[in-house]
Amino acid sequence: MVLQTLVVLLILVVTTTPSIGHDRRTEAVAHFERGKRLIEENCADCLGRTQEGLQGGIDELLAAQRGGYPNEAVLYRQLADAYGTMAIVFLAADARKQEEMLGKARGAYKKASELAPDNADALAEYLTWANL
């Protein structure tokens, strides 16, 4: 009887305790979605775009990355797009900062193409940005 009670308690603990990895991944996905939305709302062609909004999107994507976002290739392409927009739209007046941000864009596009070598779009984006 005692053994059965212990087994039941163990099963309850195991099945009702949230998985730490699952919570972390869920949080990473939420960060990614927030970041993607902020980046889309602050795109180069968007009315009302702000540097702060775009930076907020970048920060959310970096939080998703730290949290273990499962699709790294997509995350890096999104980051690369945001870095490129930041460089071209918001940092054009500061050549040093612009080149630093373009370097981040190139690096992110390279990483995305390495993570998804069969993705022709990722490779084309990398090759385009590698020559800027």
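Predicted model: local features only at pLDDT ≥ 70, side-chain atom pairs only at ≥ 80, totals over all residues.

Residues are numbered from 1 along each chain as its sequence is written, and side-chain values use heavy atoms, with hydrogens and water left out.

Entry 1, disulfide. I found 1 disulfide (cysteine sulfur atoms within 2.5 Å). The partners are C43 and C46, with S to S at 2.1 Å. I looked up the handedness: the S-S torsion of C43 and C46 is about 100°, so the disulfide is right-handed. For burial I use relative accessible area: buried is under 20%, exposed over 50%, partly exposed in between (1.4 Å probe, protein chains only). C43, at 26%, counts as partly exposed; C46, at 16%, counts as buried.

I found 1 aromatic pair (ring centres of Phe, Tyr or the six-membered ring of Trp within 6.5 Å; stacked under 30 degrees between planes, edge-to-face over 60, the rest tilted). F32 and Y69 are stacked, at 4.3 Å centre to centre and 15° between the planes. F32 sits in helix α2 (residues 20-41) and Y69 in the loop between α3 (51-66) and α4 (72-90), 37 residues apart. I list both F32 and Y69 as buried.

Helices here are DSSP runs (H or I, at least four residues), numbered from the N terminus. In α5, I list M101, L102, A105, R106, A108, Y109, A112 and S113 as buried. Down the axis of α5, the buried residues fall within an arc of 165° (directions from the axis to the C-beta atoms), so they line one face of the helix.

How values were computed:
Helix = DSSP H or I, 4+ residues; strand = E, 2+ residues; numbered from the N terminus.
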